[in-house]
Amino acid sequence: SSLPSPPLSISPLESEIFTSLLPSSSLLLSSAKPGNGLPQLLDHSPSTYWQSDGLTPHTITMTWSRRVRVRMVSLFLDYGLDESYTPKSISLRVGERG
């Protein structure tokens, strides 16, 4: 499978880092409706999206096989388009397991 392209608003170095981190990462979705899963979450298109298909909480868990520094997390939310599915709260948790 091909890797998604990094966002257009980042530098070439950040683009290289983005692409290099994906193969060493593991992403887990709490659930997903058919056709609205991981590929749609990572494709950088505002016309495609991840849609959960289960009970709350809806989660995205990302882990790496080695220690990495996360400098930016981006979310695209469109309340006008997707009012009833827009999150009321978002929690970002970081740390080490071990």
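Contact here means heavy atoms within 4.5 Å. The structure is a predicted model.

**Overall picture**

The protein has three helices and two strands. Along the sequence they follow the pattern α-β-α-β-α. Of the 98 residues, 16% count as buried. Among contacts with a separation of 6 or more, 44% join residues 24 or more positions apart.

The mean pLDDT is 76, and 74% of the residues reach 70 or more. Helix α1 (residues 12-21) has the lowest mean among the elements, at 60. Strand β2 has the highest, at 85.

Start with Gln-51. This residue sits in the loop between α2 (38-42) and β2 (60-64). Is Gln-51 buried or exposed? Its relative accessibility is 16%, so Gln-51 counts as buried; the cut-off for buried is under 20%. Leaving out residues up to four places away in sequence, Gln-51 touches Ser-31, Ala-32, Lys-33, Asn-36 and Tyr-85.

Asn-36 belongs to another loop, the one between β1 (25-29) and α2. Asn-36 is buried because its relative accessible area is 14%, and buried means under 20%. Which residues does Asn-36 contact, apart from its neighbours within four places in sequence? They are Tyr-49, Trp-50 and Gln-51. Tyr-49 also takes part through its backbone: its oxygen lies 3.2 Å from a polar atom of the Asn-36 side chain.

Thr-48 lies in the loop between α2 and β2. From C-alpha to C-alpha, Thr-48 is 7.4 Å from Asn-36, and the two are twelve residues apart in sequence. The contacts of Thr-48 beyond four places in sequence are with Gln-40 and Asp-43. Thr-48 has a relative accessibility of 28%, so it counts as partly exposed.

**A cis peptide bond**

The loop between α2 and β2 also holds Pro-57. The peptide bond from Thr-56 to Pro-57 is cis, with omega near 5°. As a rule, most peptide bonds are trans.

Which residues form a nonpolar patch on the surface? They are Val-70, Val-73, Leu-75, Leu-77, Ile-90, Leu-92 and Val-94. Together they have about 730 Å² of accessible area. One of them, Val-94, lies in the segment after α3 (79-82). Val-94 has 76% relative accessibility and therefore counts as exposed; the cut-off for exposed is over 50%.

Arg-67 is placed in the loop between β2 and α3. Arg-67 is exposed because its relative accessibility is 72%. How far apart in space are Arg-67 and Glu-96, C-alpha to C-alpha? The distance is 8.6 Å, across 29 residues of sequence.

**Accessibility of selected residues**

| Residue | Relative accessibility | Class |
|---|---|---|
| Asn-36 | 14% | buried |
| Thr-48 | 28% | partly exposed |
| Gln-51 | 16% | buried |
| Arg-67 | 72% | exposed |
| Val-94 | 76% | exposed |

Note on methods
Residues are numbered from 1 along each chain as its sequence is written. This is a predicted model: local features need pLDDT of at least 70, side-chain atom pairs count only at pLDDT 80 or more; totals for chains, interfaces and linings use all residues. Side-chain values use heavy atoms; hydrogens and water are left out. Patches are made of residues with over 30% relative accessible area and no salt bridge: like charges are joined within 9 Å, nonpolar side chains (Val, Leu, Ile, Met, Phe, Trp, Tyr) within 5 Å. Accessible areas come from the Shrake-Rupley method with a 1.4 Å probe; for residues, only the protein chains shown count as cover. A salt bridge is a side-chain nitrogen of Lys or Arg within 4 Å of a carboxyl oxygen of Asp or Glu. Helices (H or I, at least four residues) and strands (E, at least two) are DSSP runs, numbered from the N terminus. Buried means under 20% relative accessible area, exposed over 50%, partly exposed in between (1.4 Å probe, protein chains only). pLDDT is the predictor's confidence in each residue, from 0 to 100. A polar contact is a pair of N or O atoms within 3.5 Å; within protein, one must be able to donate a hydrogen and the other to accept it, and residues adjacent in sequence count only if both atoms are side-chain atoms.
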